[in-house]
Amino acid sequence: MKILFLVIGKTDESYLETGISKFIKRLEHYIPFEMKVIPDIKNRKTLNEEQQKKLEGDLILSQVAPGDDLILLDENGKTFSSVAFSQWIEKQMNNSTKRIIFVVGGPYGFSKEVYAKAKFKISLSEMTFSHQMIRLIFVEQLYRAFTIIKGEPYHHV
């Protein structure tokens, strides 16, 4: 299995970029992992919310190949404990899923086309985090999931 992590727009804060890079390097020891940045939509200030979601959605869907599982990081998704998330990841691996694409949408969320294509939605918290911060939180939780799967001491139960 491979994991692609799609995000809209570059990470602006260097401290977040440092943390994200740290966990991506750690993750690569467990699974083929790529984080891909979809550039911000040009002239987005002239677009309404629906137009922006549609354009971002088209760019997201252009990354999805047949057989990929599209998973949205969405405030209305299922919440997991870290252990339950690791079990969910392990199940995806055992199901012979070829590639999972996790996506953090833009500031207005996802288009209806992206929601229609998604296999699953995950919420990382009932709290709201910036789209910048959620990147670090997600890669850390993904790394934590793999250490739990491997029985390594990073996660203390």
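I started with the rings: Phe 5, Phe 80, Phe 85, Trp 88, Phe 102, Phe 120 and Phe 138 make up one aromatic cluster. Rings of Phe, Tyr and Trp (its six-membered ring) pair if their centres lie within 6.5 Å; planes under 30 degrees apart count as stacked, over 60 as edge-to-face and the rest as tilted.

A note on what I'm looking at: this is a predicted model, where local features need pLDDT of at least 70, side-chain atom pairs count only at pLDDT 80 or more, and totals for chains, interfaces and linings use all residues. Residues are numbered from 1 along each chain as its sequence is written, and side-chain values use heavy atoms, leaving out hydrogens and water.

Next I searched the whole structure and got 14 aromatic pairs. I looked up Tyr 30 and Phe 146: their ring centres are 5.9 Å apart and their planes at 20°, so this pair is stacked. Tyr 30 sits in the loop between helix 1 (14-27) and strand 2 (33-38) and Phe 146 in helix 5 (residues 131-149), so the pair ties together parts 116 residues apart in sequence. Helices (H or I, at least four residues) and strands (E, at least two) are DSSP runs, numbered from the N terminus.

Is Phe 146 buried or exposed? Phe 146 is buried, with a relative accessible area of 1%, while Tyr 30 is partly exposed at 21%. Buried means under 20% relative accessible area, exposed over 50%, partly exposed in between (1.4 Å probe, protein chains only).

Last, I checked strand 4 (residues 99-104): 6 of its 6 residues are buried, so the rest of the structure largely encloses this strand.
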